[in-house]
Amino acid sequence: MVGREAVRMTTVTAIMLISGAALTFAQGARVPEPPLLSTQKAFNLSLDETKKYAQTKNFEVVGHSYFKGDWVVATARERGMGCGFNTPRVSRGIGYFGGYNEPPTCFGVLIADVSNPADMKALNFIPCNPGTRCNYIRLNAKRQILVIGMDTNSANPTRPPEGQVAQPGLGFYDVSDPRNPRLLGFSPAFPNGATHGFEIDDRYAYACAQLAQTKPGDQELAIIDYSDPQHPTQVSTVHIQGQRVGEAYGPRDQTNLDGSRQRIWCHEVNYYKDRLYVAWRDAGMVIVDVSDRANPSIISRFDYVPPFHGGALGATHTAAPVITAEDKHPTLVVLTDEIIACPPGYGRIVDISDLSNPVMISTLRIPHVTDNFDPARGSFSCATNGHYIHHPWFDARSPSLLYVAWIEEGVRVWDISNPFLPREIGYYLSPRYPGRFPNRQVREVYQDPDTSLLYMTDANGAGITVLRWVGPIPSRTVIPAAYPGAR
């Protein structure tokens, strides 16, 4: 561990010295923490108590619900816990929340009336396939189709029938009546295999999944046509060399600096203007041209492992393009690294104006988390393993306003109008709910386009918190990438 992290620290230091101000980062706030709440107290807070035990800068708390009910697994109900969630989506006053599996609380998607955030009401619950989890969801609001990703997971107490295995894949549901969702069709992945993040447009789903030809444990990219949601059809796939049975990984995709195996997994997908921005763990960011869905092609890749290290699960979690003009391709991407290690993962802003040469121009870091090298021990020192960055989301009112779910560090807000020098300008630290992590497990934030309210998920059985940003909305748009030929 010492050798690996020392190499990583030396690499980061060297890059900062070489690049100078380009890698200067904002000072992340070190906020005094309230006491860790008891299980009985933590899962019975009123809205006023939620506000009392939270720490905020430039946020107003307008709603919270644990969403307790029969859909919570028995072991969590015995502790009084609510649902732990991963992915939120909201449209027309209806919320769709994908449950999280660790700690085990909810194995399915909860649909709720959120028109009054202070009094949200559950409407229905769609269970995952037996033996799977349903962490990732997407909503086609125009067609009223909810897409649910199902991933094999042994923590689900509902098991497949004897002699059968779990069936992962994408489920397509009619939610035109949210009180009575109806399964339309299912696109299977490899039985007992894996799926993960995905994205949709009005006709296609772009999903990370283990397929028949994929090596066990790996995931490649599948493109699925759901124009007829009762009969979704896989039209093409994309993979990195080495991901399929019989293939060898390329030289840069084999080992880390310490000799451990890299994780070359398709992890999350974002779509914009016929391009996919795919977080591919230790393979880095991969940009895929899907103007011809039947013949997609990789047009750019930013592979930074090594010299950086991805940890046990691999590095890149999300590659989120910074959209500043609807008619143009973005020239910047925000990357987040879900490195559950010490030091933990952080964020990067990457200039992609020259697709042949993506360049990191700044980082999103919290110094009291990432700057914790202990000279006496010769290694980094971390209180827990839950201080890593997770999922980014841009405010619809300004691409310069970036919300980042940061697990134990809550929601962090950044002004990236100058992408060479991003500044932290706000935060929300929820009460400390006991669970998988000792503090909190903030996984995603989603902004309702109709109300601008933010829906925050906490996987520690803490349900959904609704926030209103009351801080400044940057009036300056993001400074464009520096490459003269940017387009």
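Q: How is a contact defined here, and what share of the contacts at least 6 apart in sequence joins residues at least 24 apart?

A: Contact means heavy atoms within 4.5 Å; among contacts in the protein chain between residues at least 6 apart in sequence, 57% join residues at least 24 apart. This is a predicted model, in which local features need pLDDT of at least 70 and side-chain atom pairs count only at pLDDT 80 or more, while totals for chains, interfaces and linings use all residues. Residues are numbered from 1 along each chain as its sequence is written, and side-chain values use heavy atoms, with hydrogens and water left out.

Q: What share of the 487 residues is buried?

A: Buried means under 20% relative accessible area, with a 1.4 Å probe and protein chains only; by that criterion, buried residues make up 60% of the 487 residues in the protein chain.

Q: Which way do the side chains of β28 point?

A: In a regular strand the side chains alternate between the two faces of the sheet. From β28, V411, V413 and D415 point one way, whereas R412 and W414 point the other way, and all are buried.

Q: Which strands pair with β28, and in what sense?

A: Two strands pair if DSSP finds at least two bridges between them. Strand β27 (residues 398-405) pairs with β28 in the antiparallel sense over 5 bridges, and R412 in β28 is the bridge partner of V404. Strand β29 (residues 423-429) also pairs with β28 in the antiparallel sense over 5 bridges, with E424 in β29 as the bridge partner of W414.

Note on methods:
Buried < 20%, exposed > 50% of the residue type's maximum accessible area, 1.4 Å probe, protein only. Helix = DSSP H or I, 4+ residues; strand = E, 2+ residues; numbered from the N terminus.
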